[in-house]
Protein chains: 4
Amino acid sequence: MFHFLNDYSESAHPDIITAMHDAHLQQHKGYGFDEYSERVRDQIKAQLSDPDIAIHFGITGTQANLVCIDAMLTPIDGIIACDTGHIAVNEAGAIEATGHKVILAESKDGKLTIEALDKVRVRHSFTPHVVRAKAVYISNTTELGTVYSYHELKAISDYCRKHDMYLFMDGARLGAAIASSHANPNDKDMSIADYAQLTDIFWFGGTKMGAMFGEILIIPNKKIATDFNIYLKRHGGLMAKGYLLALQFEVLLKDNKYLELCHHANTMAKKLAEGIQSCGIELFVPAQSNQVFALMPQALIATLKNDFEFYEWEQLDNGFSIARLVTSWATPEMQVDRFVQLLQKATSNN
Amino acid sequence: MFHFLNDYSESAHPDIITAMHDAHLQQHKGYGFDEYSERVRDQIKAQLSDPDIAIHFGITGTQANLVCIDAMLTPIDGIIACDTGHIAVNEAGAIEATGHKVILAESKDGKLTIEALDKVRVRHSFTPHVVRAKAVYISNTTELGTVYSYHELKAISDYCRKHDMYLFMDGARLGAAIASSHANPNDKDMSIADYAQLTDIFWFGGTKMGAMFGEILIIPNKKIATDFNIYLKRHGGLMAKGYLLALQFEVLLKDNKYLELCHHANTMAKKLAEGIQSCGIELFVPAQSNQVFALMPQALIATLKNDFEFYEWEQLDNGFSIARLVTSWATPEMQVDRFVQLLQKATSNN
Amino acid sequence: MFHFLNDYSESAHPDIITAMHDAHLQQHKGYGFDEYSERVRDQIKAQLSDPDIAIHFGITGTQANLVCIDAMLTPIDGIIACDTGHIAVNEAGAIEATGHKVILAESKDGKLTIEALDKVRVRHSFTPHVVRAKAVYISNTTELGTVYSYHELKAISDYCRKHDMYLFMDGARLGAAIASSHANPNDKDMSIADYAQLTDIFWFGGTKMGAMFGEILIIPNKKIATDFNIYLKRHGGLMAKGYLLALQFEVLLKDNKYLELCHHANTMAKKLAEGIQSCGIELFVPAQSNQVFALMPQALIATLKNDFEFYEWEQLDNGFSIARLVTSWATPEMQVDRFVQLLQKATSNN
Amino acid sequence: MFHFLNDYSESAHPDIITAMHDAHLQQHKGYGFDEYSERVRDQIKAQLSDPDIAIHFGITGTQANLVCIDAMLTPIDGIIACDTGHIAVNEAGAIEATGHKVILAESKDGKLTIEALDKVRVRHSFTPHVVRAKAVYISNTTELGTVYSYHELKAISDYCRKHDMYLFMDGARLGAAIASSHANPNDKDMSIADYAQLTDIFWFGGTKMGAMFGEILIIPNKKIATDFNIYLKRHGGLMAKGYLLALQFEVLLKDNKYLELCHHANTMAKKLAEGIQSCGIELFVPAQSNQVFALMPQALIATLKNDFEFYEWEQLDNGFSIARLVTSWATPEMQVDRFVQLLQKATSNN
């Protein structure tokens, strides 16, 4: 039984295990005041124009989201998100637990559009009866594995600045988005520096690109950055052994190791998507990164599940479901081939 | 420069690194639905009388505290804690962030007494103008490294049950407390089962006894246990790769490995304390586990800090400070000896 | 300039002013422990089968909503509401400020349907990643002035009980809903007793039916009722001179005075609606209580606003807007006639 | 049976009832956008140097406190208060419900001292593990009826500005404090302008000086003032018929009516205190405003309670209790005389 369930099935890339081993008996300062954390901060800053940019580390994605939003908003502010956004649906009310409304906007292929954004913003001008629509949340790649192009991001960023709203990017799969942009001849090769210019605060997730856990939180906007580590502490997000977070990113950032790992995941997904389409099966959204959403008959899904684990994302009314298949840095090409072969066999039988 | 700063300077015991290595390319289910988590739950349950007891895993101590308290209290409830308690002073308002008042009670050697508890409870009966004093928080070992005896715990537990209050125990250093009870001929040899009988909810911390991070959360009281993992998720405390938490505890629980590690830490602290006292220096509280609090002249502290890192816990008015020295599973006996020798030299010079 | 802006333009019915005058130098106990409060509680209980039902008083509608929801839900619970519901759009994030997600469901004429409810409930079963959909919020009359029939309410109530969810009814304009049911030959004549049977908690607003301010909060479900006045206090909703709340309701409940006042308001709205339709103007939703929503050209609205104040509820794309006109216990019939005459003149000119 | 229980036993001064009557059928805009509110704002501004100062209206004291604190602090901030402060003990966790820690400081006669303040501030510098001590709360008069002199207030204000902390004054009985300063030859005659200079935000309560309910909230500090009415709305503190709040203050502010009423209350308390002391009974704190705290044998209290209602504030260990007697604008001198006579009789019998 092989898992295409998600990109966090395997714990960590071997290089990270090795680095963990090499460091395990050294003494380090706690709570992010250590040398690893300083080195990774310097490494990031070297890619950016602002030597004073605030850089912190988080442990889980939901926590990164809730801490960033808690630090960003005043109590009377809400944050706009796609109706498919992670903070809107899959964080068990974590944002509301910080006292903030997630204002829903319509999405297209998992992405926020300027039209949807504008509609929502206008509706929130009936002061003092409504929350202020003060920030915009996007995830990149999106929950549906689609990737914002540079021009799409720039348009949202410009819109936010024009209307005095913050732009916040959830980067649980930002590595996959960057790798996707590099592989796409029609898009700019995106970098950390680009996101730092376009957003007010964003994070870059390790868990889904080969780390055991952890995120780098980058805060270009000075107004949000003040005393950010107290926000982390307040939500239980300050690890005693914080050096373990930085240690892993040092491995992933070295020689852009993460890009190589994400490129593999994306390539496997592309191969999977093409194999699926070759069997006459339609995709629900374009496969732009390491996730494939395919419209499959429920009976077919049942058959495939004898050999592979994956999510039946949503049941539709017509006997079909949306199946989600996720690849990772650790996905063997052989398993992709096996899946496609099984699918070919199953669909030709029909 | 050697650190007696804390017990989380070194990342993890070698056996944990090995276990991490062995597992790193296997595929596991996410969010605590994996086999490691199941095995550790079974291992704990085997020691308890209740096969249905809820057992979860947390990532940091502050998070464990805030999640437990959020799950335990209704909005109108407060929780009583010592004025030295971790939730009262050193969690950056994490408990208040969940909407709850931490009601302060006086402490003696870092411990809560029945007298202090009763005084506070009576004061909170002026309904509807005050919060309900619905729960009691203790940490064991305490912030000052002291250890509750079985009889002290039993008295607090009985008091709570009599007054329909929950008893919650923070076990950031519970391993050290258990090891201390085993080394103390006047106390019962405490076990997980004892705490499960005496409390309504408690946690058992890994970070300070050789794990990279992580806590086991044990909830004997059924009323609190319902849907506890949603509380974890809501606060960003549900790790995608949750199996990493359980994997570490499997190592520590095997053959009571943790007891051996904690016994080492306590023994080193005892030796340190005796060495300090032999130089005519008084302790601030008895050294019962792996922390030593000593009353030292500030000039002496400055001298010692040329060779050792440790906390100047509190400056007093008389030119003295309370110095805190912490030992761990990884503390070499040689460093304890070196410290005492340096102290002897420094104090004989005076 | 006459206001059809809302039903809280005039402060209070003369009988209430008189009662206020009569009582103003007497001494009363504070915080709802007075004789007025007791008498009103007894008056309500006499209409219900449960002599132990919890009855409290609130000050504003938003506060009543947030206090009820805070008392009803555990931290991991969300509450389902129509996308047009007051708690969903017009309470400046008051519900999120208590830590709870308002889960949006589609509405039809401002009402929640079983279909919409079911869709949302099913989507919230992906534990532990989503909030529990534990309660359902409706307002009656709705934000659009429509009224739930007994059968509609019964269906929602049954659905909630089947799925172990609470039903919460916001009664900011419940008087108008009751009066509407009494005037409607196709509906049951609704009473407080009916709502107490169908819901778990609901409130009955005074502000919009002749009181200066105030609500009666009625809690049939015992699980929610415990220590409810601490919830009020916690949110600043416990008035020192709480007897002023009860005093007003005593006047309104005497001989069902409130029904007479609400009947007047509804009748004025009906006359207004018919007058509007007679000018060839369509209503946006049926006028079932004391609010009229009409689809008017924006130029016509501008003309009418020279003589009357009312809300331009929403601008549409086609040069039309939804105009909202609200009547009250104090609306003189003459003003309704004047409005219709002006409208006839303005529309015949076109 | 006459009540010295509190200063909110009687609903409102006759002039307010008259004003309520005069206005009750006029139409007003809702939510504080009416002419009464504008007039009262202008009246206050005319006494101050800042024509742009933000002025709002609240409904209850606990609500005023929680809304001000919610608007003043960022999530990581706490507020320092006396251990006897209203927000510290008698608001059922209302401040914690907004996510903020109330940091306790020792009090002297119900007042905060610079020494106590400094001790607490220093203790809260252990970043990022503690909340920021960002604001200071005082009430004036205090919970014990004592009054801050101008010099005491100035010292606290200077301290706060030096350490970049906000000073917030709860004025539930500010009228009594002002009247007390005017009657005291050793103190400055205080005015609204003085408080506006010394604090960052404060409120002036109507409930305890002859209004039915209501407070004026005055915000000299611009950083706190932004969008304050959304904070009120968010906590259910924005009254539909907000003009009722302003209408009452218009009466009380006219020709400083409130000063006359508060002066009466204070004078009655002074007479009561002197009568009590003349019977050989000691006061717990000096009687500086309209509250008298006296140390009485519990048996004596029982006797007095046959004829008068008042609070037994706290039972002491020696058979004595602290009795609290409160006078108001409505207290007849005859009742004070009756009480003293009864006391004389009871104590001479002993």
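1. In chain D, H11(D) is followed by Asp255(D). The phi of Asp255(D) is positive, near 50°. Keep in mind that this is a predicted model.

2. Now the helix itself. Buried here means under 20% relative accessible area. The buried set includes Tyr243(D), Gln248(D), Phe249(D) and Glu250(D). Leu244(D), Leu245(D), Leu252(D) and Leu253(D) are also among them.

3. What covers H11(D)? The cover over its buried residues includes three helices of chain D: H1 (14-23), H2 (35-45) and H12 (257-278). It also includes strands S2 (54-58), S9 (201-205) and S10 (215-219) of chain D.

4. Turn to chain B. Here 7 strands make an open sheet with mixed pairing. Their order is S2-S10-S9-S8-S7-S3-S4. S2 (54-58) and S4 (102-105) of chain B are the edge strands, each pairing on one side only. On average, neighbouring strands of this sheet are turned by 25° against each other, direction ignored.

5. One pairing in detail. S3 (residues 77-82) and S7 (residues 132-139) of chain B run parallel and are joined by 4 bridges. Asp77(B) stands opposite Arg132(B) in S7(B).

6. Which strands does H11 of chain B touch? Helix H11 (residues 243-253) of chain B packs on the sheet, in contact with S2, S9 (201-205) and S10 (215-219) of chain B. The direction of H11(B) makes about 110° with that of S2(B).

Notes:
Residues numbered from 1 in each chain as written. Chains lettered and ligands numbered in written order. Predicted model: local features only at pLDDT ≥ 70, side-chain atom pairs only at ≥ 80, totals over all residues. Heavy atoms only, no water. Buried < 20%, exposed > 50% of the residue type's maximum accessible area, 1.4 Å probe, protein only. Helix = DSSP H or I, 4+ residues; strand = E, 2+ residues; numbered from the N terminus. Contact = heavy atoms within 4.5 Å. Pairing = 2+ DSSP bridges. Axes fitted to C-alpha atoms, helices over the stretch in contact; angles between N-to-C directions.
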